Amino acid sequence: MWVYDKKLQYPVEVRDTNPTLAKYLMEQYGGADGELAAALRYMNQRYTVPDKVIGLLTDISTEEFSHLEMIATMIYKLTKDATPDQLEVAGLGAHFVSHGHALFYNNAAGVPFTATYIQAKGDPIADLYEDIAAEEKARATYQWLIDISDDPYINDSLRFLRERENVHSMRFREAVEMLKEDQVQKKIF
């Protein structure tokens, strides 16, 4: 189903080791409105939507996995050279004790990822509205990450991700309108 290009969807560079920024980025790695939750949500929902929007959910889910890879790369690059003391000062001491420099799906507060973040109602329009909300929350989080970051390289990648959230939101809005039009058409049997 997938073809994997061994490159990131968009380049990720960092200026300096910055475990505090990495901690904040974990919100988009393993948080409720992060990339993993979005990818899994859309992949799951594709089984209960009309055929005409299955491809949309699959495409966006796949792209969300590529965003997850970008966020993982940012976190790794921001922390790979950090000392245990730097990690402790950044609030990542408990993470380091449990995982070393390995990534783990949790949010910025250290709360582990949970499947309760993934919504699926089984009603295509309800699910698509959920997806629009998820994209808008991710877009807002990316903006807040940009606002708090002083790394111009990370901010460049975050701007790319923020704009992709806008595109996904628009695509889901188009899908809602398409399904609403189908609902009002007279059905002749």
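The questions and answers below concern a predicted model of one chain. Local features in this predicted model need pLDDT of at least 70, and side-chain atom pairs count only at pLDDT 80 or more, while totals for chains, interfaces and linings use all residues. Residues are numbered from 1 along each chain as its sequence is written, and side-chain values use heavy atoms, with hydrogens and water left out.

Q: Which element of the chain has the lowest mean pLDDT?
A: The predictor's confidence in each residue is expressed as pLDDT, from 0 to 100, and the chain has a mean of 95, with 97% of its residues at 70 or more. Among the elements, helix α1 (residues 19–30) has the highest mean, 98. The lowest mean, 94, belongs to helix α5.

Q: How many helices does the secondary structure of the chain come to?
A: Helices are DSSP runs of H or I with at least four residues, strands are runs of E with at least two, and both are numbered from the N terminus. The chain has zero strands, and its elements run α-α-α-α-α-α-α from the N terminus on. The number of helices is seven.

Q: Is α6 roughly parallel or roughly antiparallel to α7?
A: The axes, which are lines fitted to C-alpha atoms over the stretch in contact, with angles running from 0 to 180 degrees between N-to-C directions, come within 9 Å for α6 (residues 124–148) and α7 (residues 152–184) and cross at roughly 165°. Angles under 35 degrees count as roughly parallel, over 145 as roughly antiparallel, 65 to 115 as roughly perpendicular and the rest as oblique. The crossing angle therefore makes α6, relative to α7, roughly antiparallel.

Q: How many of the 11 residues of α2 are buried?
A: Buried means under 20% relative accessible area, exposed over 50%, and partly exposed in between, with a 1.4 Å probe and protein chains only. The buried residues of α2 include Glu-35, Arg-41 and Gln-45, and what covers the buried residues includes α1, α3, α6 and α7. Helix α2 is largely enclosed by the rest of the structure, because the number of its buried residues is nine.

How values were computed
Contact = heavy atoms within 4.5 Å.
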